[in-house]
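Colleague: I would like to learn how to read a structure like this one, feature by feature. Where should I begin?

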Amino acid sequence: SGAEGGARTHVARPVPAAVKERRWQAMQERERQRKERLREQARVLKGQSRLPPRMEERAREEEAKEREAAAQRAASAAESEAASAAAAFRMRPIPAEVRMPMWEQMQLEEAGRAERISREAARLARRSKLPPRMQEEAESRSRERRAREERERIKADAEKDLTFTPMIRPLPASTSKPAGFRPKPPKPPPPPQPFELLTDAIKDPGGKGTLPAPAEKERVLRDMARDELVLPERRWPYLSTRAPVQPKAPPPAVAVPPPPTTTSTELRRAALEMDKLKRQIEEERTAQAEARRREEAKEATKKVAGALDLPSARDKARREREEAAARRRAFQREQAEKDAAHRTALGDMYARVAQRPFLFQQQGIDAKVFEETQAAYDKFESALKKQGLSDLLDLPR
């Protein structure tokens, strides 16, 4: 055992015998021998059954290739055996966890775990962000908090060496209140004065009335209108959106000179107009040809219908309407007959039900019929007994 941390000295285990044995090569050799036996059997069978010349030549080529491959495998096996015999055993390096004390290894693992946890927390914090405005607000608050903590830390570091404490003297006796001191009573508030309207002081220029005259009102309104237009708070940029906007005359129209033109521009414009005119003429011709074709097709259809004595589209539609009306009337008649037959059957059923006796009467009739039937049976049995034929009915004598 070592001196540091109780670490033990690494001792290599002996090399197992199975490592030195060439089991895989032996398996390959057995498989090769098996294939050789199968090929030999195939050669014997081929010798017994004559093959075509081309197939025999191909078989000989395959055998030659196989022999060359076998020779190469044998040579490589011999070289590998010689190399393995010449190579010396080399021990693997001792793992770091064997040399390192267990406590230090645990400390390193714990530090790596804490670092991984912090990286994962930072990654999750980056991924889980708030909406833009809320995220900006949270970041600003975080910055302010960090700045405040930093200022407090700096202030605490600066003030930790300030140990001076000033001496506070007691108040002199002259500033203390005497024993018989009484505060002065507060002054009472002044009595309220009634509010006086100054409307009566406004008089017309003639001074004939005590209330504002119409002329005085008009003068006040004119002053208010002038203030709306002249006062600084009613002008730009102090103008409110609620202020009246005075209409302004539109600026005079300025004659815009035509854009300059060149000969190439005029030629290009003329070429475009010519192409447009050609397209319009071609479209008109196409539309006229289509209209003529439709007219000719309509005339041909009329002629064929007249030659074959076929009805026109109007006659066909009228005939279909008449047939539909006839089917509708037949359906209505059939429904009316069915309704009448149903009402008749329902009336007959009601009549039969009305003619039948009540339930208690029917029960009495059924009981009477049963009694009469039993009496007829008893009479018949008694007549058989008198005649000595009761054994036919399996009755006792």
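Modeller: Begin with the helices and strands: a helix here is a DSSP run of at least four residues, a strand a run of at least two, and both are numbered from the N terminus. Keep in mind that this is a predicted model.

Colleague: How many helices and how many strands does the protein have?

Modeller: Ten helices and zero strands make up its secondary structure. Read from the N terminus, the order of elements is α-α-α-α-α-α-α-α-α-α.

Colleague: What share of the residues is buried?

Modeller: A residue is called buried under 20% relative accessible area, exposed over 50%, and partly exposed in between. Of the 397 residues in the protein, 4% are buried.

Colleague: Let me try the terms on one residue. Where does isoleucine 94 lie, and is isoleucine 94 buried, exposed or partly exposed?

Modeller: Isoleucine 94 sits in the loop between α3 (53–86) and α4 (96–99). Its relative accessible area is 31%, so isoleucine 94 is partly exposed. Distance along the chain is another thing to check: isoleucine 94 and valine 11 are 83 residues apart along the chain, while their C-alpha atoms are separated by 9.3 Å.

Colleague: Next, salt bridges. What is the general idea?

Modeller: Side chains of opposite charge can pair when their charged atoms come close. A search of the whole structure gives 18 salt bridges.

Colleague: Which residue forms a salt bridge with arginine 39?

Modeller: The partner of arginine 39 is glutamate 36, with 3.8 Å between the closest N and O atoms. Both residues belong to helix α2, three residues apart, which is about one turn of the helix. Arginine 39 has 27% relative accessibility and so counts as partly exposed. Glutamate 36, at 26%, is partly exposed as well.

Colleague: How far apart in the helix are glutamate 149 and arginine 145?

Modeller: They are four residues apart in helix α6 (residues 132–159), about one turn of the helix. Glutamate 149 is partly exposed, at 42% relative accessible area, and arginine 145 is partly exposed at 38%.

Colleague: What separates glutamate 322 and arginine 318?

Modeller: About one helical turn separates them, because they are four residues apart in helix α9. Elsewhere, salt bridges that share partners join Glu36, Arg39, Glu66 and Arg73 into one network.

Colleague: How do I read an aromatic pair?

Modeller: Two values describe a pair of aromatic rings: the distance of the centres and the angle of the planes. The search of the whole structure finds one such pair. It consists of phenylalanine 358 and phenylalanine 360, with ring centres 5.9 Å apart and planes at 5°, so the pair is stacked. The cut-off for stacked is planes under 30 degrees apart.

Colleague: Are phenylalanine 358 and phenylalanine 360 buried or exposed?

Modeller: Phenylalanine 358 counts as exposed, at 57% relative accessibility. Phenylalanine 360 is exposed too, at 61%.

Colleague: Which residues form a nonpolar patch on the surface?

Modeller: Leu346, Met349, Tyr350 and Val353 form one, and together they have about 370 Å² of accessible area. Leucine 346 is placed in helix α9 (residues 313–355). At 30% relative accessibility, leucine 346 counts as partly exposed.

Colleague: Last, pockets. How many residues line the largest pocket?

Modeller: The lining has 17 residues, and those nearest the centre of the pocket are Gln25, Gln28, Glu29, Arg32 and Arg73. The elements giving two or more residues to this lining are α2 (23–48) and α3. The space in the largest pocket is about 390 Å³.

Key
Residues are numbered from 1 along each chain as its sequence is written. This is a predicted model: local features need pLDDT of at least 70, side-chain atom pairs count only at pLDDT 80 or more; totals for chains, interfaces and linings use all residues. Side-chain values use heavy atoms; hydrogens and water are left out. Buried means under 20% relative accessible area, exposed over 50%, partly exposed in between (1.4 Å probe, protein chains only). Rings of Phe, Tyr and Trp (its six-membered ring) pair if their centres lie within 6.5 Å; planes under 30 degrees apart count as stacked, over 60 as edge-to-face and the rest as tilted. Patches are made of residues with over 30% relative accessible area and no salt bridge: like charges are joined within 9 Å, nonpolar side chains (Val, Leu, Ile, Met, Phe, Trp, Tyr) within 5 Å. Accessible areas come from the Shrake-Rupley method with a 1.4 Å probe; for residues, only the protein chains shown count as cover. A salt bridge is a side-chain nitrogen of Lys or Arg within 4 Å of a carboxyl oxygen of Asp or Glu. On a 1 Å grid over the protein atoms alone, a cavity is a set of points where a 1.4 Å probe fits but cannot get out, and a pocket is an open set with protein on both sides within 12 Å along at least five of seven lines; lining residues have an atom within 4 Å of a point. Grid points are joined across faces, edges and corners, and a volume is the space filled by probe spheres set on the points.
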